[in-house]
Amino acid sequence: MKQLLAFLRKEFLHIFRDYRTMIILFGMPIAQLLIFGFVISNEIRDANIAILDYSKDYQTQKIKEKILSSGYFILTVDLKAENEIDAVLKAGKAKLVLVFEHDFARKLEKTGKAELQIIADASDPNSAEILSNYTRAIVNNYMIGINNGLTTKTVVFTEPRMQFNPGLKSVFMFVPGTMALILLLISAMMTSITIAREKEMGTMEVLLISPLRPTQIIIGKVVPYFLLSFINAIVILALGFFVFGLPMRGNLLLLISESMLFILMSLSLGILISTVSKNQQVAMFISMFALLLPTMLLSGFIFPIENMPLALQYLSYLMPPRFFIVIIKNIMLKGTGIMFVWKETLIILGFTIVFLIASVRKFKQRLE
Amino acid sequence: MKALEVSHIYKTYNDITALKDVSFNVAEGELFGLIGPDGAGKTSLIRIIITLLLADSGEIHLLGKDVVKEYKYLRSRIGYMPGRFSLYSDLTVLENLNFFATVFGTSIEANYNLIKNIYSQIEMFKDRKAGDLSGGMKQKLGLSCALIHKPEVLFLDEPTTGVDAVSRKEFWEMLQELKQKGITIIVSTPYMDEAEMCDRVALLQKGEIMSIDTPQNIINEFSEELIEIKTPDLYEVKEKLRLEFGKNSAFMFGQSIHFSTSSKSKSKELLNEFFEENNFNIESVNIIEPNIEDCFIKLMTKDS
């Protein structure tokens with residue numbers, strides 16, 4: 001125990017004396033999250049839209065005014081017929097086309113229902129999604145105003161259609177993805193580098209000769225980085241919540257425990273990487289390229305898993321972040337409890353155990 | 001009792017033979033030197049003995065225990081100082097020493113006596129980072145860390161490489177003191193002049209032991225007359241001598257040439273005649289006593 005404490009003390013000294021590591025450890029997550037966050041969720045202003053109004057009555061007039069005065073949209077073309085829609089979108093003159101049906105105001109007053117079609121250029125799926133959501137929000141807002149004080153509710157059916165990319169299924173959720181990515185990278189990279197550094201500097205020889213057991217060395221390496229990564233996780237969650245307005249619908253404690261499990265998994269992976277890498281460069285290379293790219297591409301972070309070829313879908317099952325992203329989304333956005341994420345939790349636990357056992361077994365008692 | 005028994009050790013890395021049928025014994029309390037040039041296999045041999053590497057074949061008993069089977073028992077009884085500086089350069093002198101003391105289950109106070117003479121020389125820098133120490137001080141710190149748990153056998157892999165001449169001399173004096181305290185010391189070095197400080201030495205060349213004996217006996221085996229030649233034209237004279245008397249007859253030795261041939265008698269007269277014939281500019285020709293380096297060169301070139 002005394003030996004382990006001495007080892008932990010040494011590890012913390014290494015970390016706190018190396019300001020570059022500290023910068024990577026705490027600067028990178030914040031920078032990445034802010035970059036990802038703002039680049040991807042950047043609000044769209046002054047988007048070009050076209051309107052096809054078959055009705056041209058006082059209701060459509062009011063809705064149009066609301067939309068155009070919102071600051072998000074600029075009317076570029078007033079369309080006359082349905083067959084012009086495609087051309088306008090193809091030419092890039094409008095990112096969004098609004099179609100009001102015939103007799104809009106009359107239908108709304110008589111039946112309480114009217115239809116507004118939103119056709120978006122989804123070759124850029126993110127902005128298409130955002131623009132369509134803006135439009136619907138404005139229309140809904142307007143309807144709430146009308147309905148105020150009325151007994152019969154009137155509804156405008158907004159019917160979005162994603163032109164060019166009908167398969168746009170998942171809402172882009174960058175915070176869960178970034179969190180999984182950062183925790184995995186930081187934890188795995190830091191532990192693998194710190195063990196590889198002992199090998200490179202020759203201190204591993206002396207550690208091996210010492211009575212320290214492999215488990216003690218591994219625990220000594222994991223604990224400090226576990227604490228640091230945990231602080232990181234909290235920072236990322238706080239940024240997501242306060243800066244990006246991500247909802248926190250589920251149990252915070254559950255989310256934190258799941259994050260701790262994921263961190264532990266990443267750390268064990270880092271140790272496994274270090275047992276096969278000779279020096280810091282190799283460890284870094286494996287962590288960066290073997291973890292970063294597959295995580296970005298295959299975990300559902302950027303590209304929806306459902307849209308991947310079957311082979312890649314199966315491959316994505318090997319990506320632990322995939323499951324963690326599901327867990328975060330479920331807890332934060334849907335507010336579900338452990339009942340809905342126990343499967344994913346077990347899978348991450350399984351990964352952790354496999355990585356840990358493999359690292360202890362692969363941890364060499366001797367040099368090669 | 002033998003502290004170390006090495007018998008018939010072979011080791012290859014891929015296709016390269018690092019050690020070939022290496023056998024020797026070290027007695028308890030002995031200061032034993034492994035002397036050989038870079039790449040002779042010194043580091044591999046030490047690593048195999050201290051349980052860090054596995055040999056391809058052969059057996060080693062250290063302190064009476066098999067190094068493969070009982071590595072756990074042995075590891076806490078060995079002091080080891082690797083060739084490269086292998087302490088934590090971002091930790092201070094005191095932090096390093098404390099760390100190794102605790103990891104080996106002891107404290108600085110408990111064994112302070114053993115390291116007092118060495119550590120007291122660097123104690124004034126105890127709050128300096130180990131990476132900022134000079135080469136000689138690094139060696140002293142390394143030795144302190146290797147000794148802090150009072151090992152029964154101490155292994156030093158090229159401890160004086162990259163250390164200035166004064167520090168080297170001091171370092172060997174420290175080893176002599178440790179020997180007085182009953183610690184068996186096995187030290188490797190590429191510097192042949194250091195062989196004379198050891199009780200016994202093994203001369204290692206290309207993974208094979210060429211000779212094991214006390215330094216004096218190795219020198220005594222040098223049966224030929226050794227002649228030192230001083231001349232401004234070192235290179236030219238050496239080449240001419242080699243042409244005339246064979247390529248193993250003459251070697252550069254600092255600012256002079258050491259010459260010997262197997263035709264035992266009157267080599268000095270022979271040489272003077274040769275120099276006169278060729279009109280060389282020779283300053284002096286003297287018969288001298290061979291040192292360990294001459295013997296080593298002789299042994300090294302015997303087969304080639």
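Helices (H or I, at least four residues) and strands (E, at least two) are DSSP runs, numbered from the N terminus.

## Basis of the model

This is a predicted model, in which local features need pLDDT of at least 70 and side-chain atom pairs count only at pLDDT 80 or more, while totals for chains, interfaces and linings use all residues. Residues are numbered from 1 along each chain as its sequence is written, chains are lettered from A and ligands numbered from 1 in the order in which they are written, and side-chain values use heavy atoms, with hydrogens and water left out.

In chain B, helix α8 covers residues 234–245 and includes E236(B). With a relative accessible area of 41%, E236(B) is partly exposed, a class that lies between buried (under 20% relative accessible area) and exposed (over 50%), as computed with a 1.4 Å probe on protein chains only.

Chain B contains an open sheet of six strands, in the order β6-β7-β8-β3-β9-β10, with mixed pairing; two strands count as paired if DSSP finds at least two bridges between them. Strands β6 (78–81) and β10 (208–213) of chain B stand at the edges, and each has a single partner strand, so one side of each is left without a neighbour in the sheet. From one strand to the next, the twist averages 15 degrees, where axes are lines fitted to C-alpha atoms, for helices over the stretch in contact, and angles run from 0 to 180 degrees between N-to-C directions.

Within this sheet, β7 (residues 153–157) and β8 (residues 184–189) of chain B pair in the parallel sense over five bridges, and L154(B) has I185(B) in β8(B) as its bridge partner. Helix α5 (residues 135–147) of chain B packs on the sheet and touches β6 and β7, its direction making about 160 degrees with that of β6(B); contact here means heavy atoms within 4.5 Å. Helix α6 (residues 165–180) of chain B also packs on the sheet, touching β3 (31–35), β6, β7 and β8, and its direction makes about 155 degrees with that of β8(B).

## Cysteines

A disulfide is taken as a pair of cysteine sulfur atoms within 2.5 Å, and by this rule the count over all chains is zero. For C198(B), the closest cysteine sulfur is that of C295(B), at 14 Å, which is too far for a bond. C198(B) is buried at 6% relative accessibility, and C145(B) is buried with a relative accessible area of 6%.
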